[in-house]
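Dear colleague,

Please find the structure below, handed over for your study. My notes on what was found in it follow.

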Amino acid sequence: MPVSFFVRNRYEKRHYLSEMHGSAVQEIKIIPAKNKMPPRPKSVGRGWESFVHPEGQLYFRWKNFYTNSYLYDADQLEDMEEAADILEKELRQHKADLPNKIDIGVEIYVEDDGSKLACYYICDLEAEKVLWLIDCSIDYLVEEEHMPVYDEAHLLHAHGTFYWQHVQMFPHNREFSKNRLIELRTILTYHLHDRATSRTSNAPYDADDLHRFVQVFGDIEIIGDCVSEYDMVKIARMKSLLCAEQLRHYHGTKWARLDANRSVHRETSTNYDHSWWFNLLSFLFFCTPAIYIKRLDEMWLDMKINHQPWRKFISEIQEDWTASITPSAVILTANVGFLAIQSVDQGGTAYPDRTAGQIISYISTILTIGNIIACTILARQHRPSSHLHADDALSYLVERAGTRWKAERLAIILSIPTAFFLWGLCTFSGAILWVCFHDTYIPTRISVASVAIFSLILVTLVVLNGEWSPPQVVHSVPANMRQQFMKIPVRKWTEQTLRKLSRKMTGLARRTSTKLVAPSPSPDLEMGNVPR
């Protein structure tokens, strides 16, 4: 049976001590004299040689067959040798169509009813591809990505991902040339340069991580073409990750994603109309949800996560939430102090009816407390350490932003601290203005109103400054100069003026030429005495 779940099985289907019964495992309580204990055999059965993966996993190899099964168990050894015999027979029948150098991964899969199936895959060591002896679904290669494949060049990246996962699982006695190691370092340095010079880089890691990777692979020593199993695991894992990134971005196809914030489809979620309740809440939340939903659209493309922009986004909102707690505490203290003023607190006498200033200050106090609580909870829910890996971010967004409604809800939730803070600030300002305008003299009102209007104008200018957007990506300096010149307001007037001036100069030149040609030539000109 052809399968492709070997990597997942290695890490998910583990053996546990609590499940071992009887003589399957025995605790060592006595160390024999002179350490005369029978050593564990290096090979079992017909010659299945055991290896220990750098991570600690025990695996076995016979000829070019590899398995993660625990062949020191007699029953598993018997099943594996029977499966190997069946596969060898099938391979002999297809020998003419198979590559010269292949690896075969084999596992015994036990179904719920107890029946056993021999599962396999074949790796072409020269082409670095994966194959089976019968037609198989494309899901065998892209089951982890959930994406359609339309091009053979795109399919090669899926083959590469699976092939290098195989090498990573079984790293002993592998070969890797120095030139290929140099090529791998070159790819990493390219991603480092692209990350540092492009705002929409598709590089899979940030600059710091890429610096470390370049250093790690620069320290690998290759003697001949031999690589230690530890270095081979590092190389194979990085090659597998890079192939997976190329698969996600349709690398090498005509619809390849060149910018991390653009979809490979023309119609993206940013073209959809938002729901009426989202637009309403976005207005009440000072348009913060609309900003967050746009950021989510740029990071959550085609059901794939742009991990580096996501990590940056999480860090930014963490900083915003942390930074808003201090001014919220200041506003909370100011509200308490404001209510302690005798003129506001009605001389300290308790009355069932409260003034408008007091009511507004109460509302401001509740909102600032809500901001502090929301910031604390959200900061704990979105720790940067919980989003270090793409799988963590993917799980988070699939659960919370898998549909358009969920994405809008997430944008609203992330905006709650900002809404609490801004409304708390506005209501506190309203309480102050009520005190300044209620039962006060006209000079007081004029002075406060003047300063308030002036402050409102300045704040409006600050808000309007946020409407600036960075220019589109321009690929050359002349194109950039032309783009900037096109934006000059007086360009049209300048062109018209230059055209008028050109017409006048042309007309003047024609009239001057006519005056010089019309009279008969002077004797000096006829004799060649040209005046100097």
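Where is the place of phenylalanine 286? Phenylalanine 286 is found in the loop between α8 (276-284) and α9. I return to this residue below, after some words on the model.

This is a predicted model, in which local features need pLDDT of at least 70 and side-chain atom pairs count only at pLDDT 80 or more, while totals for chains, interfaces and linings use all residues. Residues are numbered from 1 along each chain as its sequence is written, and side-chain values use heavy atoms, with hydrogens and water left out.

**Overview**

The protein has 17 helices and nine strands. Helices (H or I, at least four residues) and strands (E, at least two) are DSSP runs, numbered from the N terminus. Of the 532 residues, 33% are buried. Here buried means under 20% relative accessible area, exposed means over 50%, and partly exposed lies in between (1.4 Å probe, protein chains only). Among contacts (heavy atoms within 4.5 Å) between residues at least 6 apart in sequence, 65% join residues at least 24 apart.

**The sheet**

Seven strands form an open sheet with mixed pairing, in the order β1-β2-β3-β4-β5-β6-β7. Two strands pair if DSSP finds at least two bridges between them. At the edges stand β1 (43-44) and β7 (129-131); each has a single partner strand, so one side of each lacks a neighbour in the sheet.

Strand β3 (residues 58-62) runs antiparallel to β4 (residues 65-67), to which three bridges join it. Four bridges join β2 to β3, and this pair is also antiparallel. Phenylalanine 60 has threonine 67 of β4 opposite, and serine 50 stands opposite phenylalanine 60 as well. Tryptophan 62 stands opposite phenylalanine 65 in β4.

In a regular strand the side chains alternate between the two faces of the sheet. In β3, Leu58, Phe60 and Trp62 point one way, Tyr59 and Arg61 point the other way, and all are buried. Because five of the five residues of β3 are buried, this strand is largely enclosed by the rest of the structure.

Helix α2 (residues 74-93) lies across β1, β2 (48-52), β3, β4, β5 (102-110) and β6 (116-124), and runs at about 135 degrees to β5. For such angles, axes are lines fitted to C-alpha atoms, for helices over the stretch in contact, and angles run from 0 to 180 degrees between N-to-C directions. The end C-alpha atoms of α2 are 29 Å apart, which agrees with the 28 Å that its 20 residues should span at 1.5 Å a residue. The expected span is 1.5 Å times one less than the number of residues. Among the buried residues of α2 are Leu77, Met80, Ala84 and Leu87, and their cover includes β1, β2, β3, β4, β5 and β6.

Helix α9 (residues 288-299) has 12 residues and reaches 17 Å from its first C-alpha to its last, close to the expected 16 Å. Its buried residues include Pro289, Tyr292 and Leu296.

**Nonpolar cores**

A nonpolar core is a set of buried Ala, Val, Leu, Ile, Met, Phe, Trp, Tyr and Cys residues joined through side-chain atoms within 4.5 Å. The largest one has 60 residues, of which Trp48, Phe65, Ile104 and Ile235 touch the most other members. Helix α7 (residues 229-248) gives the largest share of this core, seven residues. A second, separate core of 25 residues includes Phe285, Ile305, Leu397 and Ala407.

Leaving aside neighbours within four places in sequence, the contacts of tryptophan 48 include Phe60, Trp62, Phe65, Leu77 and Met80.

**Backbone angles and cysteines**

Most residues other than glycine have a negative phi. Phenylalanine 286 has a positive phi near 60 degrees, and counts as partly exposed because its relative accessibility is 32%. Lysine 34, also not a glycine, has a positive phi of about 60 degrees. Lysine 34 lies in the loop between α1 (6-12) and β1 and counts as exposed at 74% relative accessibility. In the hairpin of β3 and β4, with two residues between the strands, lysine 63 takes a positive phi near 55 degrees.

Finally, the structure holds zero disulfides, a disulfide being a pair of cysteine sulfur atoms within 2.5 Å. Cysteine 123 is buried, at 0% relative accessible area, whereas cysteine 287 is partly exposed, at 43%.

A colleague
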